Amino acid sequence: MNDFSLNRRQFGQGMFAVSLMGIMAAAGCSPTSTTGAAGPSALTGGTLTMGIDSDVLLNAAKSQSAGAGQLFSQSIYGTLLRFTSDGTIVPNLAESYTQNADKTLLTLKLRAGVVFSDGTAFDAAAVKGSIDYMKTASGPDAPRAAGLEVSAKDATTVEIATKEANGLLPMFLCLSVGSIMAPAQLKAANIDTTPIGAGPYTYDATSSTTGSSYTVVKNPKYYDQKQYPYDKIVFKLMTDVTARLSALQTGQVNVAPLTAATVKAAEGAGLTIIRTLTNWNGIIIGDRLGQVVPALGNVKVRQAINMVFDREAMVTSILQGEGQVSNQIFPPDSDAYRADMKDLYVYDIDKAKALMAEAGFADGFSCEIPLIEGFTTNNAIFISQLKKINITVTEKKLEFAQAFTAVLGGTYPILPIGLEMRTALWDVVQSVTPGALWNVKHAATPELSALCDKAQKATGADAKAVFQDIGKYLLDNAWFGVWNYANSIFAVDKKSSAKATPGSGYPYLDTYSRKA
Amino acid sequence: MLRFIGKRLASAVLLMLLVTSVVYVLVSSNGMGIARMLAGSSATQQQVVDRYYQLGLDRPVLSQYLAWLGKAVRGDFGTSYLNGEYVTNMLSTRAPLTITIVSVTMVLTMVISVWLGITAAVKGGWLDRFLQVLSVVGGAIPQFIVAIVLVFTFAVGLRIFPATGIVPPSEDVGLWAQSLVLPVTAILVGTAMSGAMQIRGSMLVELRKEYVATLRTRGISEFSVLYKHALRNAAAPGLIGLGILTVAMLGGTVIIERVFALPGLGMLVTSTTTTGDIPALMGCVTITVVIVTIVNLLIDLLMGILNPKVRL
């Protein structure tokens with residue numbers, strides 16, 4: 001959540017149901033029924049009001065694959081596959097899926113009888129149309145859809161082929177790529193404001209104000225009603241954390257993301273705090289081959305840089321205790337996490353100086369880092385600590401609009417940053433492979449590239465072994481300078497409950513339930 | 001008077017052209033950066049370039065501005081780059097709230113300023129000194145601190161007013177008024193104190209003039225001397241100050257709307273600026289200039305009524 005998404009059927013029946021829900025909600029009805037053990041909650045009905053920290057879009061293809069945008073998109077569109085609360089991938093709007101050993105072909109069998117909220121069939125042609133649209137929609141997930149060749153084999157069978165191995169494809173189908181927009185929406189005059197999906201809820205435009213409050217009401221035709229207990233969900237945009245906290249304390253919202261600075265006040269008010277490790281904080285040593293700053297091509301210099309940070313103190317002071325010390329870009333439960341190397345690069349200025357001297361850079365060197373308002377928050381400590389080994393770091397102030405192009409274009413040799421963590425393969429593809437977005441200089445070595453290629457296809461114990469090798473390589477060669485994992489903090493009031501979802505600061509919608 | 005209004009309207013049109021053109025040039029000068037922001041951090045360079053051309057950001061800025069202006073004068077501000085919504089719709093759902101907050105605050109500022117300012121000027125003594133201290137404190141404390149203190153005291157603590165959000169007046173007028181109390185008060189603390197000091201200063205100058213003594217010796221009531229004669233002459237600087245305060249209030253709503261999670265223009269300006277949503281941002285700029293122009297026109301008219309020499 002460091003930085004900066006978007007439905008119809010047998011009209012009469014749907015409208016009756018929606019109206020009934022509205023009347024009941026207005027009357028402040030208490031729970032209408034109870035579900036059995038099959039449901040995720042004991043109580044159903046009512047409204048969940050969620051404070052959200054960033055705006056959402058009605059067009060699934062332009063929606064964020066994280067945070068509030070992802071939750072909102074999932075509520076209207078659902079996804080072909082989905083994550084369970086323990087992080088495993090299971091079928092959802094698709095009944096089953098298989099992927100070949102080469103990870104170049106994924107076959108989906110769609111669930112029979114599923115329809116979009118406008119009553120049209122949720123079939124293979126619709127899936128193909130939606131994913132093909134996503135390729136051209138310029139949304140954040142367009143690059144993930146770009147290499148996918150989708151074909152509708154029959155009404156309920158979809159094949160997705162890729163030229164190269166893509167072990168992440170099932171994960172993509174849990175995110176925006178798997179949120180399918182109805183053919184009617186794709187043909188609509190304004191595709192961005194006419195959401196039609198097959199998700200558990202439908203968008204209630206009359207009760208919503210874009211940029212402020214978004215209301216979704218239960219889709220009576222959703223295939224699994226028990227999964228989602230609430231009749232209505234209201235997403236209220238509250239960009240200020242103080243506003244979210246006061247809204248939680250006064251019962252205006254039931255759940256909302258908070259920050260480390262507001263945790264104590266929230267706990268004091270009796271709110272339940274859900275903590276999820278979603279991000280690592282530290283630096284990307286992008287110029288790890290020394291193309292711009294030759295000193296950074298020397299592994300001893302990169303190792304020295306890793307030793308100048310007092311990680312414990314940073315967790316205490318910067319994260320206010322809401323995090324864990326780490327030196328790795330992978331979370332502790334990741335296949336790539338090296339528990340045996342967690343104490344590599346402990347804080348030791350003398351040893352760092354010695355390494356700099358051994359590398360022939362005792363007098364240090366200079367480099368520039370970007371200063372992006374609201375994005376780069378740890379520059380000051382980075383600059384002061386590197387000064388201790390004679391590395392002079394200057395800041396270049398960037399306007400937000402210029403920032404992405406400059407940063408991702410590899411302009412800066414080192415980048416203080418916080419990046420999300422998901423699965424081992426996700427993290428490798430995001431930050432390590434030669435073409436990775438955050439491998440900003442596209443650095444590659446034959447050894448690491450071979451390991452990354454293997455990681456795409458490996459399964460089971462083989463995968464674990466490959467990822468362990470990648471984790472070791474990155475630590476030995478100090479490609480990054482990780483300081484800690486930061487907790488994403490999510491508060492839940494006494495009337496509600498939710499379960500942490502690995503990799504997401506917002507618990508997924510199917511984990512929420514009513515307690516009162 | 002019509003000629004006076006005509007002159008003011010003509011200068012308002014010029015002001016609008018100047019402001020919108022300068023803002024357009026500033027925000028459009030980094031077209032590729034905007035395309036990158038809209039395409040997302042994970043977009044390939046080719047996708048960014050495609051978005052750049054798709055939005056017409058490759059055209060000369062003057063050509064883009066004239067195209068925008070040609071549609072804007074017909075009331076067509078285009079659609080948001082981000083969510084595809086008509087900008088006129090975005091503005092029509094957000095502007096009323098901001099205008100309401102600013103209008104209510106402005107009226108209360110006028111009433112409180114005049115009352116406090118005259119009281120301080122006439123009574124003097126400890127009351128005057130107390131008001132002076134209050135004005136310094138009111139002006140020195142940032143609005144967001146005032147807002148947070150108000151929320152934690154009257155919403156979270158005493159549960160008298162809602163902590164965030166606004167209830168539409170069509171739904172419940174009472175709740176609507178309640179939800180305006182804290183945001184308006186948060187702005188009012190600074191503006192009323194500043195306005196009161198302005199009126200106090202002007203009144204002190206007027207009360208020392210000979211005509212006031214003459215009026216008093218002729219047995220004119222003190223109320224009439226203060227409110228009919230002295231205030232009329234002291235109003236001009238106060239009105240100018242109020243105009244400046246109104247512009248400052250519009251800026252202040254950015255913070256207040258954020259703290260109270262209010263869907264007004266301030267929030268829209270913030271989001272459109274950070275996302276490079278040029279059509280929506282230009283819509284915000286235009287309506288802000290219109291509001292400022294109307295306020296200034298009203299103040300000019302009031303000044304013209306109070307002092308006919310201003311109309312010359």
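This is a predicted model: local features need pLDDT of at least 70, side-chain atom pairs count only at pLDDT 80 or more; totals for chains, interfaces and linings use all residues.
As background, nonpolar side chains in soluble globular proteins tend to be buried together.

Leaving aside residues up to four places away in sequence, M50(A) touches L71(A), V234(A), F235(A), K236(A), V253(A), V255(A), Y506(A), L509(A) and Y512(A). One of these partners, L71(A), belongs to the helix described next.

## A covered helix in chain A

How many residues of helix α2 (residues 67-77) of chain A are buried? The count is eleven of eleven, so the helix is mostly covered. The buried residues include G67(A), L71(A), F72(A), Q74(A) and Y77(A).

What do the buried residues of α2(A) pack against? Their neighbours in chain A are the strands β1 (47-52), β8 (201-203), β9 (213-218) and β10 (232-237), together with helix α6 (183-187).

## An open sheet with a helix on it

Chain A also has an open sheet of four strands, which run in the order β4-β5-β7-β6 with antiparallel pairing. At its edges are β4 (94-99) and β6 (149-154), each of which pairs on one side only. From one strand to the next, the twist averages 20°.

Inside this sheet, strand β5 (residues 105-110) and strand β7 (residues 157-161) of chain A are joined by five bridges in the antiparallel sense. For T107(A), the bridge partner in β7(A) is E159(A). Helix α3 (residues 124-136) of chain A packs on the sheet, where it touches β5, β6 and β7 of chain A. The direction of α3 makes about 170° with that of β6(A).

## Two domains in chain B

Turning to chain B, we find domain 1 (2-72) and domain 2 (93-311). The C-alpha centres of these two domains of chain B are 32 Å apart. Contact between them involves 18 residues of domain 1 and 16 residues of domain 2.

Between them, domain 1 and domain 2 of chain B bury about 1600 Å², with 83% of that on carbon and sulfur atoms. Which residues of domain 1 lose the most area to domain 2 of chain B? They are F4(B), R8(B) and M16(B), which together account for 33% of what the domain 1 side buries.

Definitions and conventions. Residues are numbered from 1 along each chain as its sequence is written. Chains are lettered from A and ligands numbered from 1 in the order in which they are written. Side-chain values use heavy atoms; hydrogens and water are left out. Contact means heavy atoms within 4.5 Å. Two strands pair if DSSP finds at least two bridges between them. Helices (H or I, at least four residues) and strands (E, at least two) are DSSP runs, numbered from the N terminus. Axes are lines fitted to C-alpha atoms, for helices over the stretch in contact, and angles run from 0 to 180 degrees between N-to-C directions. Domain bounds come from an automatic or database domain assignment. Buried area is the accessible area (1.4 Å probe) that two parts lose on being put together, summed over both. Buried means under 20% relative accessible area, exposed over 50%, partly exposed in between (1.4 Å probe, protein chains only).
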